[in-house]
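Let us read a few features of this structure together. Have the sequence and the coordinates open.

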Amino acid sequence: MFTWNFQYISKARLAEAFNQLMLDPRKGDILVRIHTAIHLEEEAVDLAGFISHLVPEAHIFGTSTSAVISWGKISQNQCVVSVTQMSGGTVKTALLPTFDDNDMPIAPDVLCENIRNAVVSDDTKLLLTFLTRRYHDVFSLVDKCNDYFPDVQMIGGLANTSDISLKEFLASGFVFNEKGWSNKGILLAAIGGDRVESCTSYASGVQVIGREFVVTDTAGKCILTIDGKDAAEQYVSGVGDNLRKRSELANLFPYVYSNNMNMPIHVSFTEGKSIRDILSDSHYAIRAVTASHPDLDMDSPHALITANHNVNVGMKLKRAFIYDKKIIADNYALFRRIENFEKAETIFGYNCVARSAIYSNCVK
C-alpha cells in the first residue's frame with residue numbers, strides 16, 4: 001500500500017492533488033481519512049462528498065479533532081486528508097449508531113455484534129475505530145471486542161473538537177462520511193486479507209505507584225467511593241491541595257486498572273457541582289443512576305471525581321502519574337517496535353490532549 005497526506009487548503013487544491021495521484025480502484029481498495037479541526041458537521045460531510053465525487057469507489061472515514069498532526073507538529077485550525085491506495089487486501093467501512101431509537105446507549109455486547117456483522121471478516125487484521133464522547137461504555141466495548149474477535153488488532157480513539165478542555169470531559173466531537181455525520185456514532189474501517197499484516201503499539205508515559213484500591217460505589221462515570229471512602233477526598237489527599245486551585249493537574253495523575261497498568265484512566269476533579277450537573281449531557285445516564293441509586297442526592301454540590309467512561313463497582317485501581325522522561329522512554333520503545341516491523345508502509349498516529357498540554361513537543 002501507499003499513503004499520501006495533505007493539509008487541506010481548498011477544494012481546488014485538493015482536486016489537483018487527487019488528479020496527480022491517479023488513484024485506480026482496479027489496483028486495490030482506496031481508504032481516505034479526514035481529520036478536521038476547522039469544519040462544522042455539515043461542512044465536513046460536504047468535503048467528504050466532494051472527495052467521493054473525485055474518487056467514487058473510495059472508502060471515506062472522517063472525524064472531528066481538536067488539532068491535527070502535520071509535519072511533526074500539533075496544529076490547530078487545520079484539516080489533514082490521508083489517502084491510502086491498497087496493493088493487497090480489502091477495506092470495509094461503516095458508520096453505526098451507539099444509541100437506540102429511545103436514545104439509550106446500545107449495550108457493549110450488542111454493539112460489538114453489530115460491528116462484527118458490519119465490517120469484520122475471517123481475514124480482518126486491523127480495525128480502525130473512532131467513537132464520540134457521548135458513549136460512555138467504551139472500555140466495556142473494547143473488552144467485548146477482544147472476546148468476539150481476539151485476533152483483530154484495534155486502534156483509534158475519541159473524536160474531539162476545539163472546545164475540549166483539560167478541566168472537563170465535554171460531550172463534543174463527531175464522526176462522518178460522505179453520507180452524513182453523528183455525535184452518537186462509531187466509525188469503523190476494517191483492513192483484511194491473507195497478505196495483510198499489522199503492528200500496533202502505544203506510548204502512555206504513565207508510571208504506577210502505590211497499592212491497589214477497589215471501586216466500591218459509582219454513579220455512571222462518577223467515582224463516588226474507593227475502598228468505602230469518599231473518592232474525591234482520597235484523590236486530593238494523594239495529589240495535594242493545589243488540585244483545588246488547578247483542577248487540570250488531574251491529567252498528570254490518572255488511575256490505571258490493575259489488569260492493564262500501562263493504560264491511564266484520566267479523571268477530572270470538580271468542586272461545587274452536583275452529580276446531575278456532571279451527567280447533564282446525558283439524560284439516559286441520569287435515569288440510570290436514579291434507578292440504581294434511589295436514595296442518592298443528585299443535586300447537592302460537592303467535590304467529585306469523574307472518569308471519561310462508565311466505571312464499574314469492583315474494578316481494581318492503582319494510582320499513577322505521567323512525566324516527560326517516561327513519555328520519552330515509552331516513545332522510544334514504541335518506535336523501536338514499529339521500526340522492527342519491516343513491512344510497515346503506513347502508520348496512523350493519534351495523540352491525546354493531556355500529553356500535548358504537559359509536553360508540547362511530544363509528537364516530534
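**Helix crossing and a covered strand**

The crossing of helices α3 and α4 is right-handed.

Q: How do the axes of α3 and α4 lie to each other, and at what angle do they cross?

A: Bear in mind that this is a predicted model. The axes of α3 (residues 108–119) and α4 (residues 138–148) come within 9 Å. They cross at roughly 50 degrees. Angles from 65 to 115 degrees count as roughly perpendicular, and those under 35 as roughly parallel. α3 and α4 are therefore oblique to each other.

Q: Which residues of α3 and α4 meet?

A: From α3 come Pro-108, Asp-109, Leu-111, Cys-112, Glu-113, Ile-115 and Arg-116. They meet Ser-140, Leu-141, Lys-144, Cys-145 and Tyr-148 of α4.

Q: Now the strand. Where do the side chains of β6 point?

A: In a regular strand, side chains alternate between the two faces of the sheet. In β6, Cys-79, Val-81, Val-83 and Gln-85 point one way. Val-80, Ser-82 and Thr-84 point the other way.

Q: Is β6 mostly covered or mostly open?

A: Mostly covered. Of the 7 residues in β6 (residues 79–85), 7 are buried.

Q: Which strands does β6 pair with, and how do they run?

A: Strand β1 (residues 2–7) is joined to β6 by 6 bridges, and the two run antiparallel. Phe-6 stands opposite Val-81 there. Strand β2 (residues 30–36) is joined to β6 by 7 bridges, also antiparallel. Thr-36 has Cys-79 of β6 as its bridge partner.

Terms used: Residues numbered from 1 in each chain as written. Predicted model: local features only at pLDDT ≥ 70, side-chain atom pairs only at ≥ 80, totals over all residues. Heavy atoms only, no water. Axes fitted to C-alpha atoms, helices over the stretch in contact; angles between N-to-C directions. Helix = DSSP H or I, 4+ residues; strand = E, 2+ residues; numbered from the N terminus. Parallel < 35°, antiparallel > 145°, perpendicular 65-115°, else oblique. Left-handed = near helix turned anticlockwise from the far one by under 90°. Contact = heavy atoms within 4.5 Å. Buried < 20%, exposed > 50% of the residue type's maximum accessible area, 1.4 Å probe, protein only. Pairing = 2+ DSSP bridges.
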